[in-house]
Amino acid sequence: MATQEIPSDKYRSFLHDEADTTQWRHGGPPTYDDVNKLFEEGRTKEWPEGSLEETVQNAIKSWEMELSHKTRLQDLKTINPEKFKIFVNGREGLSGEETLSLGSYNALLKSSLPDEFKYYKADEETFESSHEAFRSAFPRGFAWEVIKVFTGPPEIAFKFRHWGFFEGPFKGHAPTGKMVEFYGLGTLKVDNNLKVEEVEIYYDPAELLGDLLSGKHREDNTKSSATSQGCPFSK
């Protein structure tokens, strides 16, 4: 059987030698042309080829790609599936299967707050609905970069930046066109083959959701329209 031809990506490994056996969520491997352009135009630093920073950055991009686009844990080559756990803001860790089922956005935005204080209810979202919400909000993609690497393997500590332009609707909120960005800290524990065993992420979700919820909500538009129609002198 011929190996499926996969578009190259200098920031992510697509594991060409196993392409014919991999089960992709959308029928085939993804392309990242738009978000790569956004990344190259907006990154704050360009790391030298072969540097620890570039290696960590590309490894995490590859890891995120696999979580978002592969459907079977056995096809993820960037992690140790038997040991993998992800911890976000000190919450209970999620296994590889749980993360693959929830999706990266739901994993990052799960919250132990009471429902009335949740601006994004990860428990009510599916993998598909969460990714669709953010694809809609960021039509040019949601770029990610390493800002600094503090320690090398086997326990890698790093600072990151995540950003995109809010140019599409998000949960009924109109786009503002403004850049949405947040910073965070993370650690990766890797084995001798540099496969990830544990991930810890710390960031403030309000930096992300606050900007996405700042756009005018469609309910506000309805109220405004009704007021305008009800009072002809308002024109």
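Helices (H or I, at least four residues) and strands (E, at least two) are DSSP runs, numbered from the N terminus. The model shown in these views is predicted.

View 1. Gly 215 is placed in the loop between α6 and α7, and with a relative accessibility of 6% it counts as buried. Lys 216 belongs to the loop between α6 (205-212) and α7 (218-230), and its relative accessible area of 44% makes it partly exposed. From Lys 216 to Pro 169 the C-alpha to C-alpha distance is 9.7 Å, for two residues that are 47 apart in sequence.

**View 2. The chain as a whole, as context for the close-ups.** Seven helices and six strands make up the secondary structure of the chain, and their order along the sequence is α-α-β-β-α-α-α-β-β-β-β-α-α. Of the 235 residues in the chain, 43% are buried.

**View 3. The largest pocket and its lining.** The space in the largest pocket comes to about 940 Å³. The pocket is lined by 41 residues, of which Glu 64, Ser 68, Tyr 105, Phe 142 and His 162 are the closest to its centre. Two or more lining residues come from each of the helices α1 (33-42), α2 (52-69), α4 (104-109) and α5 (127-137), and from each of the strands β3 (143-151), β4 (155-165), β5 (179-190) and β6 (196-203). The greatest contribution is that of α2, which supplies seven residues. By residue class, the lining consists of 26 nonpolar, nine polar and six charged residues.

View 4. Because 14 of its 18 residues are buried, α2 is largely enclosed by the rest of the structure. The end C-alpha atoms of α2 are 26 Å apart, which agrees with the 26 Å that its 18 residues should span at 1.5 Å a residue.

View 5. Tyr 11 lies in the segment before α1 whereas Phe 39 lies in helix α1, so their pairing ties together parts of the chain that are 28 residues apart in sequence. Tyr 11 and Phe 39 are each buried. A tilted pair is formed by Trp 63 and Phe 84, with ring centres 6.2 Å apart and planes at 50°. Since Trp 63 belongs to helix α2 and Phe 84 to the loop between α2 and β1 (85-88), this pair ties together parts that are 21 residues apart in sequence. Trp 63 is buried at a relative accessible area of 11%, and Phe 84 counts as buried at 3% relative accessibility.

**View 6. An aromatic cluster, and two charges placed over rings.** One aromatic cluster is formed by Phe 138, Phe 142, Trp 144, Phe 158, Phe 160, Phe 182 and Tyr 203. The ring of Tyr 11 has the charged end of Lys 61 over it, 5.9 Å from the ring centre. Over the face of Trp 163 lies Arg 161, at 3.9 Å from the ring centre.

View 7. Most residues other than glycine have a negative phi, and most peptide bonds are trans. The peptide bond that runs from Pro 153 to Pro 154 is cis, with omega near 15°, and Pro 154 is found in the loop between β3 and β4. Asn 89, a residue other than glycine, has a positive phi near 50°; it is placed in the loop between β1 and β2 (94-95) and, at 28% relative accessibility, counts as partly exposed. Lys 171 is not a glycine, yet its phi is positive, at about 50°. Lys 171 lies in the loop between β4 and β5, where its 40% relative accessibility counts as partly exposed.

View 8. Lys 45 is located in the loop between α1 and α2 and counts as partly exposed, with 39% relative accessibility. Along the chain Lys 45 and Glu 145 are 100 residues apart, while a distance of 8.5 Å separates their C-alpha atoms.

Conventions
Residues numbered from 1 in each chain as written. Predicted model: local features only at pLDDT ≥ 70, side-chain atom pairs only at ≥ 80, totals over all residues. Heavy atoms only, no water. 1 Å grid on protein atoms, 1.4 Å probe; cavity = no way out; pocket = protein on both sides within 12 Å on 5 of 7 lines; lining within 4 Å. Points joined across faces, edges and corners; volume = space filled by probe spheres on them. Nonpolar A, V, L, I, M, F, W, Y, C, P; charged D, E, K, R; others polar. Buried < 20%, exposed > 50% of the residue type's maximum accessible area, 1.4 Å probe, protein only. Phe/Tyr/Trp six-rings, centres within 6.5 Å; stacked < 30°, edge-to-face > 60°. Lys NZ or Arg CZ within 6 Å of the ring centre and 35° of its normal. Expected span 1.5 Å × (residues − 1).
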